[in-house]
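Trainee: I would like to go through this model step by step. Please give the cut-offs as the terms come up.

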Amino acid sequence: MPEVVIRLFGSSETGFALTTSDINLFLDFPDISGTRCKVMRTFLSLIRSKSEVYDSVEEDFFALNKIPHILLRHKKSGLLCDVRIMDSQPASVATLLNKYASIDERVVKLVTVFRYWAKLCQVDLQENGHYPAHMFAIMVVHFLQQLQPPVLPVLHELIEHDRSRRDAEVLQPFESTYLSDLSGLSAKWTSNNREPLGTLWYGLLRYYGLDFKMNQFAVSILQLTPLQ
């Protein structure tokens, strides 16, 4: 399958994975009618032919409300892998979250604590119909953008570009190639927030528990003003 590329997505790409997290992979290939099922079955046959490398291989192609996926374990490392077919947006979202994680070391720590807390409260269980893991990272990034002074910028609002380019980005906000290089960020934006992690953790719980009006606004990391 020379035209098929395997890419990371989810917490494997963002850097927000827990020690119990599996490796999230998706198969990226030209979207040609009738090829998805063929690619998945070909990939499944390939994995099963490598029994000396992989075991615990399971497929789920027909579950309702779920993306077809293959689960497997790499014998030597013991790592569990979740392989899926989907469009490129989840990987683009993961790349954007990874960029935010690279700006301030407190981001990864706060997301990790938040996900661990959510696990204890049994709300970080996407397989049971709960929020996907990346939602907790988005909630943290949004909170850190809203602080005064903020810990994180809104990257999409820092970029200088003309109106026609901005209109195109509204349609596909996570596909912005200009976000790939943050080497010049310090010249445009620097955080003056030096709050310790404990203070930020308390503020995060208070923000979503008391301050954020969930019945009026949506959580967004693409703009600073409230999104209704």
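Mentor: Helices (H or I, at least four residues) and strands (E, at least two) are DSSP runs, numbered from the N terminus. This is a predicted model, in which local features need pLDDT of at least 70, side-chain atom pairs count only at pLDDT 80 or more, and totals for chains, interfaces and linings use all residues. Residues are numbered from 1 along each chain as its sequence is written, and side-chain values use heavy atoms, with hydrogens and water left out.

Trainee: How many helices and strands are in the protein chain?

Mentor: Read from the N terminus, the order of elements is β-α-β-α-β-β-β-α-α-α-α-α-α-α. The count for the protein chain is 9 helices and 5 strands.

Trainee: What share of the residues in the protein chain is buried?

Mentor: Buried means under 20% relative accessible area, exposed over 50%, and partly exposed in between (1.4 Å probe, protein chains only). The protein chain has 228 residues, and the buried share of them is 36%.

Trainee: How many residues of helix 5 are buried?

Mentor: Helix 5 spans residues 133–146 and is mostly covered. Its buried residues include Phe136, Met139, His142 and Phe143. Of the 14 residues in helix 5, the number buried is 10.

Trainee: Is helix 5 roughly parallel or roughly perpendicular to helix 9?

Mentor: Axes are lines fitted to C-alpha atoms, for helices over the stretch in contact, and angles run from 0 to 180 degrees between N-to-C directions. Angles under 35 degrees count as roughly parallel, over 145 as roughly antiparallel, 65 to 115 as roughly perpendicular and the rest as oblique. The axes of helix 5 and helix 9 come within 10 Å and cross at roughly 100 degrees. Therefore helix 5 is, relative to helix 9, roughly perpendicular.

Trainee: Which residues of helix 9 make the contact with helix 5?

Mentor: Contact means heavy atoms within 4.5 Å. Helix 5 contributes Met139, Val140, His142, Phe143, Leu144 and Gln146. The residues on the helix 9 side are Leu200, Gly203, Leu204, Tyr207 and Tyr208.

Trainee: Why is the pair of Phe114 and Trp201 edge-to-face?

Mentor: Rings of Phe, Tyr and Trp (its six-membered ring) pair if their centres lie within 6.5 Å; planes under 30 degrees apart count as stacked, over 60 as edge-to-face and the rest as tilted. A search of the whole structure finds 8 aromatic pairs. The ring centres of Phe114 and Trp201 are 6.2 Å apart, and the pair is edge-to-face because the angle between the planes is 65 degrees.

Trainee: How many residues apart are Phe114 and Trp201?

Mentor: Phe114 lies in helix 4 (residues 105–120) and Trp201 in helix 9 (residues 197–211). The pair links distant parts of the chain, and the separation is 87 residues.

Trainee: Is Ile103 buried or partly exposed?

Mentor: Ile103 belongs to helix 3 (residues 89–103). Not counting residues up to four places away in sequence, Ile103 touches Leu152, Pro153, Leu155, Leu182, Leu185 and Trp189. The relative accessibility of Ile103 is 23%, so Ile103 counts as partly exposed.

Trainee: How many disulfides come out of the count?

Mentor: A disulfide is a pair of cysteine sulfur atoms within 2.5 Å. As for individual cysteines, Cys81 is buried at 12% relative accessibility, while Cys121 is partly exposed at 40%. By the distance rule, the number of disulfides is 0.
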